Amino acid sequence: MAQWQGRSRRKPSGGRYRPQRKKRRFEIGREQQYASIGTQRLKLYRTKGGNQKVRMLAAEFANVTDPASGQTKKVKIVTVKDNPSNPHFVTRNIVTRSAIIQTELGMATVTSKPGQHGVINAVLVKTS
């Protein structure tokens, strides 16, 4: 079922807005699909103007930057350790922005949006 991203029919006070028009195609959103850990799978979406968005459905590797040396390496993702957006994403190994992932180099924080950019970029976290 399509998601509608137009204006709400209710005011914050609970009163109703009188509709100015019917629903429009450009107000339709997409259903959520999360990036998980596994062999890489991408999905392409056509956006307005004929452009494309790349949505990552599954990823095996991440581009991890070491802030101390400034070097970036393609590293295998082991597991998701913490996800502040939803604690249930940790058990399901779902990667979103600001999730903390365990990589072969160590813990890293995801800085990209896999659902919109189609890639997982991360920065190593200092362990003290």
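This report covers the pockets, the strand pairing and selected residues of a predicted model.

## Basis

The model is predicted, and local features need pLDDT of at least 70, side-chain atom pairs count only at pLDDT 80 or more, while totals for chains, interfaces and linings use all residues. Residues are numbered from 1 along each chain as its sequence is written, and side-chain values use heavy atoms, with hydrogens and water left out.

## Pockets

A pocket is an open set of points on a 1 Å grid over the protein atoms alone, where a 1.4 Å probe fits and protein lies on both sides within 12 Å along at least five of seven lines; lining residues have an atom within 4 Å of a point. Grid points are joined across faces, edges and corners, and a volume is the space filled by probe spheres set on the points. The largest pocket has a volume of about 1000 Å³. Its lining consists of 27 residues, and those nearest the centre are Gln 5, Gly 29, Arg 30, Lys 53 and Arg 55. At least two lining residues come from each of strand 2 (28–29), strand 4 (41–46), strand 5 (52–59) and helix 2 (114–117). Helices (H or I, at least four residues) and strands (E, at least two) are DSSP runs, numbered from the N terminus. By class, the lining of the largest pocket holds 9 nonpolar, 9 polar and 9 charged residues. In this division Ala, Val, Leu, Ile, Met, Phe, Trp, Tyr, Cys and Pro count as nonpolar, Asp, Glu, Lys and Arg as charged, and the others, Gly among them, as polar.

The second largest pocket contains about 290 Å³ of space. It is lined by 14 residues, with Trp 4, Arg 7, Pro 19, Gln 20 and Arg 21 closest to its centre. The lining of the second largest pocket comprises 3 nonpolar, 3 polar and 8 charged residues.

Two strands pair if DSSP finds at least two bridges between them. An open sheet with mixed pairing is formed by 4 strands in the order 4-5-3-8. Its edge strands, each pairing on one side only, are strand 4 and strand 8 (94–95). Strand 4 and strand 5 are antiparallel partners over 6 bridges, and Arg 46 stands opposite Gln 52 in strand 5.

Buried means under 20% relative accessible area, exposed over 50%, and partly exposed in between (1.4 Å probe, protein chains only).

Strand 6 pairs with strand 7 (residues 72–82) in the antiparallel sense over 5 bridges, and Thr 65 stands opposite Thr 72. The hairpin of these two strands has 6 residues between them, and there Gly 70 takes a positive phi near 80°. Strand 6 also runs parallel to strand 11 (residues 121–124), joined by 3 bridges; the bridge partner of Thr 65 in strand 11 is Val 123.

## Buried polar residues

Thr 103 belongs to strand 9 (residues 100–103) and is buried at a relative accessible area of 3%. A polar atom of the Thr 103 side chain lies 2.5 Å from the backbone oxygen of Gly 106. Leaving aside neighbours within four places in sequence, Thr 103 is in contact (heavy atoms within 4.5 Å) with Val 64, Val 75, Lys 76 and Val 78.

Asn 83 lies in the loop between strand 7 and helix 1 and is buried at 2% relative accessibility. The side chains of Asn 83 and Ser 85 make a polar contact at 2.7 Å. A polar contact is a pair of N or O atoms within 3.5 Å; within protein, one must be able to donate a hydrogen and the other to accept it, and residues adjacent in sequence count only if both atoms are side-chain atoms. Not counting residues up to four places away in sequence, Asn 83 touches Phe 89, Val 90, Ile 94, Thr 96 and Ala 99.

## Loop residues

Most residues other than glycine have a negative phi. Asn 93, not a glycine, has a positive phi of about 55°. Asn 93 is in the loop between helix 1 and strand 8 and is partly exposed, at 24% relative accessible area. Ser 98, also not a glycine, has a positive phi of about 75°. Ser 98 is placed in the loop between strand 8 and strand 9, and is partly exposed at 31% relative accessibility.

Arg 92 sits in the loop between helix 1 (88–91) and strand 8 and counts as exposed at 53% relative accessibility. The C-alpha atoms of Arg 92 and Lys 53 are 24 Å apart in space, and the two residues are 39 residues apart in sequence.
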